[in-house]
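Trainee: I would like to learn how to read a model like this one. Please take me through it feature by feature.

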Amino acid sequence: MPDDAQCPECQRINEVLSRVGDRWSVLVVISLAQYGTLRFNELKRNLGISQRMLSLTLKQLERDGLVNRTYHPTIPPKVEYNLTEMGESFREPVTVLGEWALRNLATIDASREAYDNNVSG
């Protein structure tokens, strides 16, 4: 692992990737990339995520400039989310990562099973 002298920006890169590269952030970006503008409950239902975790994830993505939050003062209030321009630029690498995961699910499952059998056996 390079030290700070070899990679002065590594700490910053790590900071950004730890926020935008977590499981829920990636899934929120993929969902918004696929469906466009979604309401909070639509995202929650699509992802099977808890209300608290979705709220935290959306706040982090909004803070990082990847997601827009639009509040409509209707009764009941309506809040919608969509990707910002920067969020759209994140769409391609996240989609590639998601597609890679789908393509390799069976191989990963088989590797895990073989590993678990070797470790426990």
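This is a predicted model: local features need pLDDT of at least 70, side-chain atom pairs count only at pLDDT 80 or more; totals for chains, interfaces and linings use all residues.

Trainee: What counts as a strand, and when do two strands pair?

Mentor: Strands (E, at least two residues) and helices (H or I, at least four) are DSSP runs, numbered from the N terminus. Two strands pair if DSSP finds at least two bridges between them. Here strand 2 (residues 67–72) and strand 3 (residues 78–83) are antiparallel, with 6 bridges. Another of the bridges sets Val-67 against Leu-83 in strand 3.

Trainee: How many residues does the hairpin between strand 2 and strand 3 use?

Mentor: The hairpin joins them through 5 residues. Pro-76 is found in that loop. Check its peptide bond: from Ile-75 to Pro-76 the bond is cis, with omega near -5°.

Trainee: What is the strand order in the open sheet?

Mentor: The order is 1-3-2, for 3 strands with antiparallel pairing. Strand 1 (38–39) and strand 2 are at the edges with a single partner strand each, so one side of each has no neighbour in the sheet. Strand 1 is joined to strand 3 by 2 bridges. Leu-38 stands opposite Tyr-81, and Arg-39 stands opposite Glu-80.

Trainee: Which helix lies across the strands?

Mentor: Helix 2 lies across strand 1, strand 2 and strand 3, at about 95° to strand 3. Axes are lines fitted to C-alpha atoms, for helices over the stretch in contact, and angles run from 0 to 180 degrees between N-to-C directions. Contact means heavy atoms within 4.5 Å.

Trainee: At what angle do helix 3 and helix 4 pack?

Mentor: Helix 3 (residues 40–47) and helix 4 (residues 51–63) pack at about 115°, with axes 10 Å apart. From helix 3, Phe-40, Leu-43 and Lys-44 make the contact; from helix 4, Gln-51, Leu-54, Ser-55 and Leu-58 do.

Trainee: How is empty space found?

Mentor: Rolling a probe the size of a water molecule over the atoms shows where space is left. On a 1 Å grid over the protein atoms alone, with a 1.4 Å probe, a pocket is an open set of points with protein on both sides within 12 Å along at least five of seven lines; lining residues have an atom within 4 Å of a point. Grid points are joined across faces, edges and corners, and a volume is the space filled by probe spheres set on the points. The largest pocket has about 420 Å³. Of its 15 lining residues, Val-26, Leu-27, Ile-30, Gly-98 and Ala-101 lie nearest its centre.

Trainee: Which helix gives the most to that lining?

Mentor: Helix 5 does, with 7 residues.

How values were computed:
Residues are numbered from 1 along each chain as its sequence is written. Side-chain values use heavy atoms; hydrogens and water are left out.
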